[in-house]
Amino acid sequence: MEGTNPVNKKLAAALSGGAVLVLALTGCSSSDDNEKLDSWAKDVCEGVQPQAKKIEAANAAIQKETSDNSTPAEVQKTDAKAFQDMSDAYKAMGATVQKAGPPDVDDGEKKQKDAVTELNGLSASYASLRKQVEELDTKDQAKFADGLKDIATELNKLSKSGSNALKTLEEGDVGQAMAKQPSCKSASVTPSAAEG
């Protein structure tokens with residue numbers, strides 16, 4: 001079973017290294033009252049929280065499979081399901097932000113549109129990773145390990161490029177309104193990104 005595990009660890013590291021970026025807001029509070037914006041933030045946070053939990057669970061499943069001495073077939077099955085779950089979750093988040101409409105801030109419409117585009121893009125990327133992992137040859141240990149390396153590389157790219165529009169959406173008043181929502185405070189998936 002040697003050969004798979006170090007690569008699996010690489011895959012898990014790539015995932016936990018920020019590929020899972022979900023509204024990493026901490027309790028930065030705002031004294032401004034903007035009922036419209038608060039209501040928007042509440043809708044978004046409540047819609048996003050279950051999806052954030054789904055992504056967290058998918059991430060945990062990959063981590064667990066990595067720490068066990070699993071066969072390539074088991075790793076493939078777990079990873080494929082996890083990537084599909086992540087893809088569904090990002091798609092649902094995109095739908096939540098779309099449905100909430102533009103936040104009541106300057107450039108709200110552009111920020112909303114960019115965030116929806118980004119979330120849908122992330123959804124498509126994870127769906128593509130699922131396909132990639134399903135096509136790996138589980139009977140050939142070395143080939144399987146190489147395939148996982150490629151997937152880890154893709155995940156690293158995703159983690160670096162995936163969060164710009166979301167960060168922009170969460171800047172300023174929007175971020176402060178979201179930080180006031182209990183459901184957003186607990187929607188943070190990556191503790192390392194939670195700087196408020």
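What is the relative accessibility of Tyr126, and does Tyr126 count as buried or exposed?

A: The model is a predicted one. In it, Tyr126 counts as buried, because its relative accessibility is 0%, and the cut-off for buried is under 20%.

Two aromatic pairs turn up when the whole structure is searched. In one of them, the ring centres of Phe83 and Tyr126 are 6.2 Å apart and the planes stand at 35°, so this pair is tilted. Phe83 is buried, as is Tyr126.

The other pair joins Tyr90 to Tyr126: here the centres lie 5.5 Å apart and the planes meet at 10°, so the pair is stacked. The two classes follow from the plane angles, because planes under 30 degrees apart count as stacked and those over 60 as edge-to-face, with the rest being tilted. Tyr90 is in helix α3 and Tyr126 in helix α4, so parts of the chain that are 36 residues apart in sequence are tied together by this pair. Tyr90 also counts as buried, since its relative accessibility is 0%. Taken together, Phe83, Tyr90 and Tyr126 make up one aromatic cluster.

The next point is how the two helices are placed. The axes of α3 and α4 come within 8 Å of each other, and they cross at roughly 165°. Angles over 145 degrees count as roughly antiparallel, and α3 and α4 are therefore roughly antiparallel to each other. Their crossing is left-handed.

Helix α3 covers residues 72–100, which is 29 residues. From its first C-alpha to its last, α3 reaches 42 Å, close to the 42 Å expected at 1.5 Å a residue. Ala100 lies in this helix. With a relative accessible area of 23%, Ala100 is partly exposed. If neighbours within four places in sequence are left aside, Ala100 has contacts with Trp40 and Val44. Ala100 and Asp43 are 57 residues apart in sequence, yet the distance from C-alpha to C-alpha is 6.5 Å.

Just after α3 comes Gly101, where phi is positive at about 80°. Gly101 is also one of the residues touched by Gln112. Gln112 is part of helix α4, which runs over residues 108–134. Gln112 counts as buried because its relative accessibility is 7%. Not counting residues up to four places away in sequence, the residues that Gln112 touches include Val97, Gln98, Pro102, Pro103 and Leu169.

Last, the whole chain. The protein chain has eight helices and zero strands, and its pattern along the sequence reads α-α-α-α-α-α-α-α. Among contacts with a separation of 6 or more in the protein chain, 86% are between residues 24 or more positions apart.

Methods:
Residues numbered from 1 in each chain as written. Predicted model: local features only at pLDDT ≥ 70, side-chain atom pairs only at ≥ 80, totals over all residues. Heavy atoms only, no water. Helix = DSSP H or I, 4+ residues; strand = E, 2+ residues; numbered from the N terminus. Buried < 20%, exposed > 50% of the residue type's maximum accessible area, 1.4 Å probe, protein only. Contact = heavy atoms within 4.5 Å. Expected span 1.5 Å × (residues − 1). Phe/Tyr/Trp six-rings, centres within 6.5 Å; stacked < 30°, edge-to-face > 60°. Axes fitted to C-alpha atoms, helices over the stretch in contact; angles between N-to-C directions. Parallel < 35°, antiparallel > 145°, perpendicular 65-115°, else oblique. Left-handed = near helix turned anticlockwise from the far one by under 90°.
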